[in-house]
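Me: I have a model open and want to learn how to read its features. Can you take me through them?

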Amino acid sequence: MILNLKFVRFTKLILDVMYFGGFFVFFTLPISLKLLGKYYSERIEENFMFMLVSLAICGVLAILIIAELRCMMGTVADGNCFVYMNVSSLRKMAVFSIVIAAVTLVKLFLVPTPATAVVVLVFFIAALFSQVLSYVFEKAVSYKEENDLTI
């Protein structure tokens with residue numbers, strides 16, 4: 001149990017770093033994208049506004065996914081993770097993930113890279129995973145509430 005509590009705290013710390021780091025990355029995106037275009041690829045400079053908008057949309061959605069994960073970790077730390085709030089969080093994460101996959105798919109046609117194709121696939125799978133897990137959590141919450149009523 002002690003190891004489990006340490007792992008929960010460690011995971012929450014990682015999520016916190018990713019959450020606040022995401023804001024830093026988001027706000028420095030125009031500068032870093034300009035530098036990447038200058039030193040890495042002319043394609044970035046040619047498609048700067050499209051790249052900026054698509055990466056900004058994906059960045060905001062990624063921050064929202066991390067925010068939902070932070071909320072879910074809060075319920076885990078409290079010892080009460082089978083609640084409808086987590087079902088809602090998983091469904092939101094599924095929507096955020098599918099939008100990231102869609103935006104990245106559009107980006108794939110305009111600025112194709114193998115990494116972009118991988119991102120589309122990963123976020124599509126993440127959307128499916130989150131949706132399926134939301135159904136599992138919904139059933140678990142239902143069983144838990146039913147069980148709580150019988151005791």
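Reply: Start with exposure. Buried means under 20% relative accessible area, exposed over 50%, and partly exposed in between (1.4 Å probe, protein chains only). Glu-46 counts as exposed because its relative accessibility is 56%. This is a predicted model: local features need pLDDT of at least 70, side-chain atom pairs count only at pLDDT 80 or more, and totals for chains, interfaces and linings use all residues. Residues are numbered from 1 along each chain as its sequence is written, and side-chain values use heavy atoms, with hydrogens and water left out.

Me: How many salt bridges does a search of the whole structure find?

Reply: A salt bridge is a side-chain nitrogen of Lys or Arg within 4 Å of a carboxyl oxygen of Asp or Glu. The search finds five. One joins Glu-46 to Arg-43, at 3.9 Å from N to O. Both lie in helix α3, three residues apart, about one turn of the helix. Helices here are DSSP runs (H or I, at least four residues), numbered from the N terminus.

Me: Which residue forms a salt bridge with Arg-70?

Reply: Asp-16, with the closest N and O atoms 2.7 Å apart. This pair links distant parts of the chain: Arg-70 is in helix α4, Asp-16 in helix α1, 54 residues apart. Lys-12 belongs to a salt-bridge network with Asp-16 and Arg-70.

Me: Is Asn-86 buried or exposed?

Reply: Asn-86 counts as buried, because its relative accessibility is 1%. Asn-86 sits in helix α5 (residues 84–110). Contact means heavy atoms within 4.5 Å. Leaving out residues up to four places away in sequence, Asn-86 touches Met-72, Thr-75, Cys-81 and Phe-137.

How values were computed
Helix = DSSP H or I, 4+ residues; strand = E, 2+ residues; numbered from the N terminus.
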